[in-house]
Amino acid sequence: MQQPRLKHLPAEITSTAGREAVELAASAGLVLDPWQQHVLDVALSERPDPHHPGELRWSAMEVALVCPRQNGKGSVLEARELAGLVLFGEQLILHSAHEFKTAGEAFIRIQHLIENCDDLRRQVLRVARANGEQGIELRNGSRLRFIARSKGSGRGFSGDLVILDEAYELGAQAIGALLPTLSARPNPQLWYASSAPMSTSEQLHKVRERALAGRGDSLAYFEWSAADDDDPDDIGTWARANPSLGYRLFADRIAIERE
């Protein structure tokens with residue numbers, strides 16, 4: 001199922017930069033599935049900037065992507081980060097995760113994409129590999145930093161894009177530290193990426209509740225999941241919850257997991 005079971009769109013969309021992001025990712029060898037392309041098309045939709053006539057800003061300041069593990073959320077984030085670095089000239093991108101090993105793995109993946117593409121590799125000014133300092137800086141001045149979340153992580157930065165991976169482990173203190181980094185930026189965007197929220201997923205439940213209630217003019221929300229009354233043994237249920245079924249996930253493997 002390439003369309004999410006639950007979706008909320010921002011109020012105003014006049015154009016999208018999603019296709020440019022998809023094409024850039026493909027040039028680096030990252031070919032996205034239709035559902036991943038759809039997320040980027042909506043997430044990178046634009047509307048007129050009310051504060052700067054003639055300019056555009058993101059229709060969605062907040063983007064939430066919720067689907068089970070191993071479906072390819074990370075590839076969507078990689079494509080978004082590459083576009084921010086190369087196409088949109090975002091000066092600082094912060095990629096945070098609950099555990100540093102997750103942020104470190106995301107760093108390795110996007111570093112691999114850049115290093116294996118001649119055009120992208122030539123744009124790199126420096127790469128920081130030390131633990132806690134991992135990041136990439138391009139010659140155009142754009143930077144991508146990878147950090148583990150804490151109540152103080154992100155303070156002192158002024159970011160154009162903040163990625164909150166493992167958002168099921170996102171609490172009020174962490175979001176309080178990171179949100180002000182966007183305040184002074186002209187066109188910021190905040191992403192939540194997660195598997196299904198748990199009972200303790202304070203911030204993700206708040207975002208989900210807003211989406212289901214139809215609130216949030218600048219919120220884009222995508223959720224692939226099973227409904228409460230879906231049959232867990234039905235392959236249709238598996239397809240609704242796993243957009244990459246048939247692409248990178250296969251029914252015989254899921255059947256084994258179900259057993």
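This note goes through a few strands, helices and single residues of the structure above.

1. The model is predicted, and local features are taken at pLDDT of at least 70, side-chain atom pairs count only at pLDDT 80 or more, and totals for chains, interfaces and linings use all residues. Residues are numbered from 1 along each chain as its sequence is written, and side-chain values use heavy atoms, with hydrogens and water left out.

2. Helices (H or I, at least four residues) and strands (E, at least two) are DSSP runs, numbered from the N terminus. In a regular strand the side chains alternate between the two faces of the sheet. In β11 both faces are covered, with Gln189, Trp191 and Ala193 buried on one side and Leu190, Tyr192 and Ser194 buried on the other.

3. Strand β11 pairs with strand β5 (residues 62-66) in the parallel sense over 5 bridges, two strands being paired if DSSP finds at least two bridges between them. Within this pairing, alanine 64 has tyrosine 192 of β11 as its bridge partner. Strand β10 (residues 161-164) also runs parallel to β11 and is joined to it by 4 bridges, with valine 162 standing opposite leucine 190. From β10 the chain passes through helix α6 (residues 172-178) to β11 in a right-handed β-α-β crossover; right-handed here says that, with the strands pointing away from the viewer, the path from the first strand over the helix to the second runs clockwise.

4. Serine 195 is placed in the loop between β11 and α7 (202-212). Is serine 195 buried or exposed? Its relative accessible area is 16%, so serine 195 is buried. Leaving aside neighbours within four places in sequence, serine 195 is in contact with Val66, Cys67, Pro68, Arg69, Lys73, Tyr168 and Leu204, contact meaning heavy atoms within 4.5 Å.

5. A second topic is helix packing. Helix α1 (residues 18-27) packs with helix α3 (residues 73-86) at an angle of about 100 degrees, and their axes are 9 Å apart. This makes α1 roughly perpendicular to α3, on a scale where angles under 35 degrees count as roughly parallel, over 145 as roughly antiparallel, 65 to 115 as roughly perpendicular and the rest as oblique. The contact is made by Ala21, Leu24 and Ala25 of α1 together with Ala79, Leu82, Ala83 and Val86 of α3.

6. Strands β2, β3 and β4 form an open sheet in the order β2-β3-β4, with antiparallel pairing. The strands β2 and β4 stand at the edges, each with a single partner strand, so one side of each is left without a neighbour in the sheet. Strand β2 (residues 15-16) is joined to β3 (residues 45-48) by 2 bridges, and serine 15 has glutamate 46 as its bridge partner in β3. Strands β3 and β4 (residues 56-58) pair over 3 bridges; here arginine 47 has arginine 57 of β4 as its bridge partner, and proline 48 stands opposite leucine 56.

7. Aspartate 119 lies in helix α5 (residues 118-121) and is partly exposed, with a relative accessible area of 44%. Between aspartate 119 and arginine 149 there are 32 Å in space, C-alpha to C-alpha, and the two are 30 residues apart in sequence.

How values were computed:
Buried means under 20% relative accessible area, exposed over 50%, partly exposed in between (1.4 Å probe, protein chains only). Axes are lines fitted to C-alpha atoms, for helices over the stretch in contact, and angles run from 0 to 180 degrees between N-to-C directions.
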